[in-house]
Amino acid sequence: MLDIRLIRDHTDSVKAGLAKVGFDAASVDDLLTLDSRRRELIASVEAMRAQRRKASEAIGALQKG
């Protein structure tokens, strides 16, 4: 199994190596597209969690005061 960081950093080398064993190199592009989307979604989820945490803290402060 190839590490995703290796694929991101050395895309051309990975494609060349996979082509030697008969693997479709276009699949690497699809993988990188999906990986990029996954990373965007993770960042979005983390931002929403931070927003939720701040809202929860604000609600708690209002309930105490």
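**Burial, contacts and overall form**

In this predicted model, 9% of the 65 residues of the protein count as buried.

Q: What makes D35 count as buried?
A: The relative accessibility of D35 is 9%. Buried means under 20%, so D35 counts as buried. Its place is in helix 3, which comprises residues 26-64.

Q: How do you know that a polar contact joins the side chains of D35 and R8?
A: The contact between these side chains has a length of 2.7 Å. A polar contact requires a pair of N or O atoms within 3.5 Å, and the value for D35 and R8 therefore meets that distance limit. Neighbours within four places in sequence left aside, D35 is in contact with I4 and R8.

Q: Why is T11 called buried?
A: T11 has a relative accessibility of 17%. Because the limit for buried is under 20%, T11 counts as buried. T11 lies in helix 2, residues 11-20.

Q: What does T11 touch, not counting residues up to four places away in sequence?
A: T11 touches L6, V28 and L32 on that count.

Q: Which residues of helix 2 are buried, and how do you know on which side of the helix they are?
A: The buried residues of helix 2 are T11, V14 and L18. They cover an arc of only 65° around the axis, which means that they are on the same side of helix 2. What covers them includes helix 1 (4-9) and helix 3. The face turned away from this buried side carries the exposed residues D12, S13 and K20. Just after helix 2, G22 takes a positive phi of about 90°.

Q: What is the pattern of the protein, read along the sequence?
A: The pattern is α-α-α.

Q: How does the radius of gyration of the protein stand against that of a compact globule of 65 residues?
A: A compact globule of 65 residues would have a radius of gyration near 11 Å, but the protein has 21 Å. Along its principal axes, the C-alpha trace spans about 70 × 15 × 15 Å.

Q: What is the accessible surface of the protein, and what part belongs to carbon and sulfur atoms?
A: The accessible surface comes to about 5500 Å². Carbon and sulfur atoms account for 57% of that surface.

Methods:
Residues numbered from 1 in each chain as written. Predicted model: local features only at pLDDT ≥ 70, side-chain atom pairs only at ≥ 80, totals over all residues. Heavy atoms only, no water. Helix = DSSP H or I, 4+ residues; strand = E, 2+ residues; numbered from the N terminus. Buried < 20%, exposed > 50% of the residue type's maximum accessible area, 1.4 Å probe, protein only. Polar contact = N/O pair within 3.5 Å; in protein donor to acceptor, adjacent residues only side chain to side chain. Contact = heavy atoms within 4.5 Å. Arc of directions from axis to C-beta. Rg over C-alpha atoms; globule rule 2.2 N^0.38 Å. Areas by Shrake-Rupley, 256 points an atom, 1.4 Å probe, with all protein chains shown as cover.
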